[in-house]
Amino acid sequence: MHAVMGPSLTARRIMVRRACYRGMMAGLVAVGLWHGPALAAPPVGMAAHRAVYDLVLSAVGDGDVVTAEGRLTFVLSDMCTAWSTQQQLHVRSVSREGDEHDSDSDYAVLEDKDGSSLIFRADQSENGQASPRIAGEAHMSPGGGRVHYTAPGVHDVALPAGTLFPVAHTASVIAAGQAAQTEIAPPLFDGTVETGALNTYVLLLAREAPPVATPFAALAPLGAQRVHIAYYNPTTRDMGPIFEQGMRYFTNGVADRLDLDFGQFRLAGTLREFRLLPVPDHCPATPPLSPPRRPL
């Protein structure tokens, strides 16, 4: 019997890829890229910076992808009372049949440093066809929180107590490593899915004392730690992670040596460009009760 690849199979492959890249965006938001006492992670000296990663295929799985490559640009800016995060990701893959697939994501958030609120916007396109934007605002208190989505549809979702936003999640991972912990599992809300928080399971692996081997002089004097993070969507029946990644975190929140596992294939990320960004020199001593919201 001869199987013919019809529209249904093609559509199914596109849906699998979209789920894969949506999970990828959810995971990558926490890459180094990523204080109110009960709302956020312990204070860690996060560094404002710009980083560019080259992504190359490191392994293929049971899917139809035979080659893939990409580029990730990440910018973390210090806005006095908040962190501004911008991330652009491009991945190009080729299937066994020779079909080329381009995925692009553009993600931006404004995260209050006290862990109380997050404004987010996530755009995704596949082969030039835009997916619905995900956007809104989230607020946390010691007892829990809530997300108000404004796109693609207006709805609210509750967040469990202890949920961390992206920069606070990264700070929590680094602080756990410095405290010699071997694993943590903080919930994460980053605004990349419409269903609220993701569960994360973080393994803290080998630590490196300075000087650390790196081509970037600003990072060499810092300690570093290898970590592995798995991301789970608690609203689905699938017990497996939607995305997994490994990286080496420096103590200032910068990441290198990325290992991105999408199931169908894996990409290795090399830090190609890196520079520290200036920090504000005239921040107010007391933040306003309701800081003005800047559009993303």
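Is Glu273 buried, partly exposed or exposed? In this predicted model, Glu273 has 30% relative accessibility and therefore counts as partly exposed, because that class lies between under 20% for buried and over 50% for exposed.

Glu273 also takes part in a salt bridge. Side chains of opposite charge can pair when their charged atoms come close. Here the partner is Arg50, with 3.3 Å from N to O. Arg50 belongs to strand β1 (residues 49-60) and Glu273 to strand β15 (residues 265-276), so this contact ties together parts of the chain that are 223 residues apart in sequence. Arg50, at 25% relative accessibility, is partly exposed.

The count of salt bridges in the model comes to 11. One of them joins Arg266 and Asp259, whose closest N and O atoms are 2.5 Å apart. Arg266 has 32% relative accessibility and counts as partly exposed. Salt bridges can also share partners: Arg50, Asp54, Arg272 and Glu273 are joined in this way into one network. Another salt bridge is formed by the side chains of Glu100 and Arg92, at 2.9 Å from N to O. Glu100 is partly exposed, with a relative accessible area of 48%, and Arg92 is partly exposed as well, at 26%.

A charged side chain can also be placed against a ring. Lys113 lies over the face of Trp83, at 4.6 Å from the ring centre.

The next link is covalent in kind: a disulfide. A search of the whole structure finds 1 disulfide. Its partners are Cys80 and Cys283, with sulfur atoms 2.0 Å apart. The angle about the S-S bond is -85 degrees, and the link is left-handed. Cys80 is partly exposed at 22% relative accessibility, and Cys283 is partly exposed with a relative accessible area of 34%.

Now turn to a pair of strands. Strand β8 (residues 144-151) and strand β9 (residues 155-159) run antiparallel and are joined by 5 bridges. They form a hairpin with 3 residues between the two strands. Within this pairing, Tyr149 has His155 in β9 as its bridge partner.

Tyr149 leads on to the aromatic side chains. A pair of aromatic rings is described by the distance of the centres and the angle of the planes. The structure holds 8 aromatic pairs. In one of them, the ring centres of Tyr149 and Phe189 are 6.4 Å apart and the planes stand at 75 degrees, so the pair is edge-to-face. The two residues come from distant parts of the chain, 40 residues apart: Tyr149 is in strand β8, and Phe189 is in the loop between β10 (183-184) and β11 (199-208). Both Tyr149 and Phe189 are buried.

Phe189 also pairs with Phe165, again edge-to-face, with 6.5 Å centre to centre and 70 degrees between the planes. Phe165 lies in the loop between β9 and α2 (166-178), 24 residues from Phe189. Phe165 is buried at 1% relative accessibility, and Phe189 is buried with a relative accessible area of 0%. Which residues make up the aromatic cluster? The cluster is formed by Phe120, Tyr149, Phe165 and Phe189.

Notes
Residues are numbered from 1 along each chain as its sequence is written. This is a predicted model: local features need pLDDT of at least 70, side-chain atom pairs count only at pLDDT 80 or more; totals for chains, interfaces and linings use all residues. Side-chain values use heavy atoms; hydrogens and water are left out. A salt bridge is a side-chain nitrogen of Lys or Arg within 4 Å of a carboxyl oxygen of Asp or Glu. Helices (H or I, at least four residues) and strands (E, at least two) are DSSP runs, numbered from the N terminus. Buried means under 20% relative accessible area, exposed over 50%, partly exposed in between (1.4 Å probe, protein chains only). Two strands pair if DSSP finds at least two bridges between them. A disulfide is a pair of cysteine sulfur atoms within 2.5 Å. Rings of Phe, Tyr and Trp (its six-membered ring) pair if their centres lie within 6.5 Å; planes under 30 degrees apart count as stacked, over 60 as edge-to-face and the rest as tilted. A charge sits over a ring if NZ of Lys or CZ of Arg is within 6 Å of the ring centre and within 35 degrees of the ring normal.
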